[in-house]
Amino acid sequence: MSTLRYGFRCLRDLRATATRHPRCPANPKARRTFATTTARRQDGLEDQDLGRALANTPEMAEFRVPNARPVPLSPSYFSRHAQFNDSFVLVQELARKYGRLPTVAPGQAERVAWKTKEQYRLSVGESVKARDFATCLGLVKRLHQIHPDLMPEEVTKGVRPFKRDINMYLNTPKPIPIDRFGRSHGAGRRKSSVARAWLVEGTGEVLVNGKPLNDAFGRIHDRESALWGLKVMNRMDKYNVWALVEGGGTTGQAEALAMAVAKALAVQEPALKTPLRKAGCLTRDFRMVERKKAGHVKARKMPTWVKR
């Protein structure tokens, strides 16, 4: 009985809700099109006119905001290479503006240490392409050849980001003087050996640790190596050599002495520095004996493998 009563109650409620809804027209499209769009448009126009009128009042002028979002200073802000693009555009404009100024020969321009691609990437924090960087650096070098008396200030500022912080071409070697006795000093190293040599004009006498050359070095090869710089420059009978060597073996001592003698000879005659360098007498040989490893017979050699 209660179930039947509940069913009649639900049916009554359903009829009440059905009578509340208006009947749909025969043509639903007409109902959709015939809406209050005109009234809404008019209301929108009235709101716009009211907003314009309020915006033109002096009271609202002080609350007016020029830009809701900050505008970036550079148009390259949204690109991947903002700083490089700005520098590239600036260099192109400078090359177009000052490209016709007189220039000097490449050898006469001031020597500048330019940044490499990797150094520039680290400085700006951007992955610049090699082709674009090479093109930009070519324009920078062209601008750098402008005559120093006509160099504009903006060109100097424009090429500054591509220069290294330290210009190695401005470094000058420390001069080694000749003492009051006419002696020049030179030092050389090879492996674990260290040699110090003094040169003075004489008849070609050589003393190594207070001994003649034949007693200091038993091998002929070591004797020739020790005085290789004098022999190449034909100065064997012009200078006397007094040297002190220590550390390592005879071969290392002889090659260290050759470097020391060559440096001392370059002090006596600076014009011989380039030929001595080309002969390899002034170059430090950095090769060292490789250390023995655990489990190996020597540095590389390993014990013979035995199956059983």
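Student: Where is Asn-234 found?

Tutor: Residues are numbered from 1 along each chain as its sequence is written, and side-chain values use heavy atoms, with hydrogens and water left out. Helices (H or I, at least four residues) and strands (E, at least two) are DSSP runs, numbered from the N terminus. Asn-234 is found in the loop between α11 (228-232) and β5.

Student: Is Asn-234 buried or exposed?

Tutor: Buried means under 20% relative accessible area, exposed means over 50%, and partly exposed lies in between (1.4 Å probe, protein chains only). Asn-234 has a relative accessible area of 66%, so this residue counts as exposed.

Student: What is the phi of Asn-234?

Tutor: Most residues other than glycine have a negative phi. Asn-234 is not a glycine, yet its phi is positive, at about 60°.

Student: What is the phi of Lys-191?

Tutor: Lys-191 lies in the loop between β1 and β2. Its relative accessible area is 36%, so Lys-191 is partly exposed. Lys-191 is a residue other than glycine with a positive phi, near 55°.

Student: In what order do the five strands form the sheet?

Tutor: Two strands pair if DSSP finds at least two bridges between them. Strands of a sheet pair through backbone hydrogen bonds, either parallel or antiparallel. Here the pairing is mixed, and the open sheet has the order β1-β2-β5-β3-β4.

Student: Which strands stand at the edges?

Tutor: A strand with a single partner has one side left without a neighbour in the sheet, so look for strands of that kind. They are β1 (184-190) and β4 (211-212).

Student: What is the bridge partner of Ala-195 in β5?

Tutor: Strand β2 covers residues 193-201 and strand β5 covers residues 239-246. The two pair in the antiparallel sense over eight bridges. In β5, the partner of Ala-195 is Val-245.

Student: At what angle does helix α12 run to β1?

Tutor: Helix α12 (residues 250-268) lies across β1, β2, β3 (206-208) and β5. Axes are lines fitted to C-alpha atoms, for helices over the stretch in contact (heavy atoms within 4.5 Å), and angles run from 0 to 180 degrees between N-to-C directions. The angle between α12 and β1 is about 150°.

Student: How many aromatic pairs does the structure hold?

Tutor: Rings of Phe, Tyr and Trp (its six-membered ring) pair if their centres lie within 6.5 Å; planes under 30 degrees apart count as stacked, over 60 as edge-to-face and the rest as tilted. By that rule the number of aromatic pairs is seven.

Student: What kind of pair do Tyr-120 and Phe-162 form?

Tutor: Phe-162 is in the loop between α8 (153-159) and β1, 42 residues from Tyr-120. Phe-162 is buried, at 0% relative accessibility. The centres of the two rings are 5.2 Å apart and their planes are at 0°, so the pair is stacked.

Student: Which residues do ring pairs link into a cluster?

Tutor: Tyr-120, Phe-133 and Phe-162 belong to the cluster.

Student: What is the mean pLDDT of the protein?

Tutor: In the protein, 78% of residues reach 70 or more. Where pLDDT is low, the predicted coordinates should not be read in detail. The mean pLDDT of the protein is 84.

Key. This is a predicted model: local features need pLDDT of at least 70, side-chain atom pairs count only at pLDDT 80 or more; totals for chains, interfaces and linings use all residues. pLDDT is the predictor's confidence in each residue, from 0 to 100.
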